[in-house]
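Biologist: I would like a close look at a single part of this protein. Please keep the answer brisk and connected.

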Amino acid sequence: MRAAICEELGSVVVTDAEAPAAGPGQVLIAVEAAGVNYVDALFVQGRYQIKPPLPFVPGSEVAGTLPSGERVLAMCGLGGFATHVAVPAASAVPIPDELDFPRAATFTQSYCTALFALRDRANLQPGETVLVLGAGGGVGLAAVQIAKAMGARVLAAASTPSKREAARNAGADETVSSTEDVKSAARARSDGGVDLVYDPVGGALADPALRALRERGRYVVIGFASGDIPSLPLNQVLLRNRTVVGVDWGAWSMGNPLDQRALLEELLAMVAKGDLSPVPPRTAPLASAAEVLDDLLNRRVVGKVALLP
């Protein structure tokens, strides 16, 4: 098979490799598309809390076919940037006809994170206003769509016109430039303050976004795509009875596999009914894995990217 292999931290090389065999309780997937996520780039850079021994094949999210011909998607942790990957049979979930392989391969992490965060952790209610940071990326676009499906009003903050346009196309009611005064812009567009901030970015945007919250607003911490973990001014949390909510969907999903399966099946049912229409990702050949990971780390990607083995 062909695979993108991390032989030394900081780089991947696409080369021939021995194909995996399905062990007990596993199935072999012929990969048609592999989603590229920020966590994959962190693995390659050696910056993730889990550090697999070298060499390894990155790639945590795939879609493809079983030997029976059934179309499935799966979370595999590692090994996805290849033509074949073996996964536990319970991890292989049938894909509805409404999803092609690239969209299926870029669905699970972003959309499960969004629904888990907005509904189960932050208790988003219909009619509330959500400020989504990093709204032009894959995680942000999923949050825009999930928030709209839950009946919220969405302000989408992104750094470039193309990313803001992508957020509008995904359903955002208004957009905000994240290179300007996010606090003032969000307050002006939300009658004095937003109910909830969805933050996968961190860094310098955290402080103004926190201050954009109204009384009893919730600040939802998703991740730190900027590379900087912010220090929040806790007086701003105390003074207006705000709440900071941490979200680690990955750890929750591994610890609660039955609940995670139900969450994913609920989302796929929403796709099948037309309540969600995932944004098609940019596609690239497996040979471009190193370039795509670099683009992702440097925030040059609008939406998501799928590698096509």
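How do the residues of the lining of the largest cavity divide into nonpolar, polar and charged?

Modeller: This is a predicted model. The lining residues divide into six nonpolar, four polar and one charged. Here is the setting. A search of the whole structure finds one cavity of 30 Å³ or more. The volume of the largest cavity is about 90 Å³. Its lining runs through Thr106, Ser110, Tyr111, Gly138, Leu141, Ala142, Val279, Pro280, Pro281, Gly303 and Lys304.

Next, the elements behind those residues. Helix 3 (108-121) and helix 4 (138-149) each supply at least two lining residues. Helix 4 gives the most, with three residues. Now the domains. Both domain 1 (2-109 + 256-307) and domain 2 (123-246) give residues to the lining, so the largest cavity lies between them.

Take Tyr111, one of the lining residues. Tyr111 counts as buried, at 4% relative accessibility. The structure holds four aromatic pairs. In one of them, the ring centres of Phe107 and Tyr111 are 4.7 Å apart. Their planes meet at 15°, so this pair is stacked. Phe107 counts as buried too, at 0% relative accessibility.

For context, look at the aromatic residues elsewhere. Phe43, Tyr48 and Phe56 form one aromatic cluster. Phe43 is buried, with a relative accessible area of 9%. The charged end of Arg71 sits over the ring of Phe101, 4.8 Å from the ring centre.

Key. Residues are numbered from 1 along each chain as its sequence is written. This is a predicted model: local features need pLDDT of at least 70, side-chain atom pairs count only at pLDDT 80 or more; totals for chains, interfaces and linings use all residues. Side-chain values use heavy atoms; hydrogens and water are left out. Rings of Phe, Tyr and Trp (its six-membered ring) pair if their centres lie within 6.5 Å; planes under 30 degrees apart count as stacked, over 60 as edge-to-face and the rest as tilted. Buried means under 20% relative accessible area, exposed over 50%, partly exposed in between (1.4 Å probe, protein chains only). A charge sits over a ring if NZ of Lys or CZ of Arg is within 6 Å of the ring centre and within 35 degrees of the ring normal. On a 1 Å grid over the protein atoms alone, a cavity is a set of points where a 1.4 Å probe fits but cannot get out, and a pocket is an open set with protein on both sides within 12 Å along at least five of seven lines; lining residues have an atom within 4 Å of a point. Grid points are joined across faces, edges and corners, and a volume is the space filled by probe spheres set on the points. Helices (H or I, at least four residues) and strands (E, at least two) are DSSP runs, numbered from the N terminus. Ala, Val, Leu, Ile, Met, Phe, Trp, Tyr, Cys and Pro count as nonpolar, Asp, Glu, Lys and Arg as charged, and the others, Gly among them, as polar. Domain bounds come from an automatic or database domain assignment.
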